[in-house]
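I opened the model to look up a helix pair, a core and some backbone angles. My entries follow the order of looking.

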Amino acid sequence: MKSISKILMVITVLLSYINGFAQVNSANETTQNTPQFTAVFNNYFSIKDAFVSSDASMAATKATSMVIAIKAVDIGKLSSEEHNAWMKVTNDLTISAGAISKSKNVSQQRQAFALLSKRMYELAKGSNQAVPVFYQHCPMFDKGKGANWLSKESATKNPYYGNTMLTCGSVTETINNSK
């Protein structure tokens with residue numbers, strides 16, 4: 001039974017990777033987004049959505065896909081600015097996504113998501129975004145220290161508290177640096 005579960009996990013990861021690859025090719029043809037980062041961002045947003053639903057299993061699966069997408073980035077195809085941004089964040093992205101993928105505890109996963117979000121913000125600022133990305137803040141997470149996240153929508157859907165406090169937070173910045 002465990003081997004079937006592992007096989008299904010591998011198939012899910014491979015399908016996510018193929019989907020990300022297809023989205024990269026589609027984005028390359030229709031947007032100004034950095035194609036090398038499209039799968040990374042798409043997986044990040046999927047992780048965020050899993051936390052909004054408090055779905056630790058889906059967050060882990062999408063985080064595994066994100067690690068694969070991170071490793072698939074071809075730095076030779078990045079602009080100088082994008083290369084610099086990528087080199088500053090890639091290690092922390094891999095560690096944070098890896099921590100989420102290995103945990104079944106949504107609280108622990110959300111702690112790793114805070115650092116993942118911080119580094120994704122830096123990447124968003126240093127790369128082309130074909131559409132606006134909203135940088136949002138929850139003031140209550142981590143015993144009042146607060147935490148941020150990126151979203152494709154301006155409406156707040158808090159990944160740190162999910163349905164408990166779904167709309168807690170606000171947009172602090174709109175990133176729209178398409179070139």
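How close do the axes of H2 and H4 come, and at what angle do they cross? I am working on a predicted model, in which local features need pLDDT of at least 70, side-chain atom pairs count only at pLDDT 80 or more, and totals for chains, interfaces and linings use all residues. Residues are numbered from 1 along each chain as its sequence is written, and side-chain values use heavy atoms, with hydrogens and water left out.

Entry: helix pair. I read that the axes of H2 and H4 come within 13 Å and cross at roughly 35°. Axes here are lines fitted to C-alpha atoms, for helices over the stretch in contact, with angles from 0 to 180 degrees between N-to-C directions. Helices are DSSP runs (H or I, at least four residues), strands likewise (E, at least two), numbered from the N terminus. The crossing of H2 past H4 is left-handed, a term for the near helix being turned anticlockwise from the far one by less than a right angle. Phe37, Val40, Ile47 and Phe51 of H2 meet Glu82, Trp86 and Ile100 of H4, where contact means heavy atoms within 4.5 Å. I sorted these residues into six nonpolar, no polar and one charged; Glu counts as charged, while Val, Ile, Phe and Trp count as nonpolar.

Entry: core. Of its 40 residues, Met66, Trp86, Leu116, Met120, Leu123 and Leu150 touch the most other members. H2 (35–52), H3 (56–72), H4 (80–102), H5 (106–125), S1 (133–138) and S2 (147–151) each supply at least two residues. H2 gives the most, with nine. Beyond four places in sequence, I found Leu150 touching residues including Phe41, Met120, Val133 and Ile175.

Entry: Gly126. I located Gly126 in the loop between H5 and S1. Gly126 is buried at a relative accessible area of 9% (buried is under 20%, exposed over 50%, partly exposed in between, with a 1.4 Å probe and protein chains only). Outside four places in sequence, Gly126 contacts Glu81, Glu82 and Ala85. Its C-alpha atom is separated by 8.7 Å from that of His83, 43 residues apart along the chain.

Entry: phi. Most residues other than glycine have a negative phi. I noted a positive phi of about 60° at Asp142 and of about 55° at Lys143. Asp142 is partly exposed at 27%, and Lys143 is exposed at 84%.

Conventions: Core = buried A, V, L, I, M, F, W, Y, C linked by side-chain atoms within 4.5 Å.
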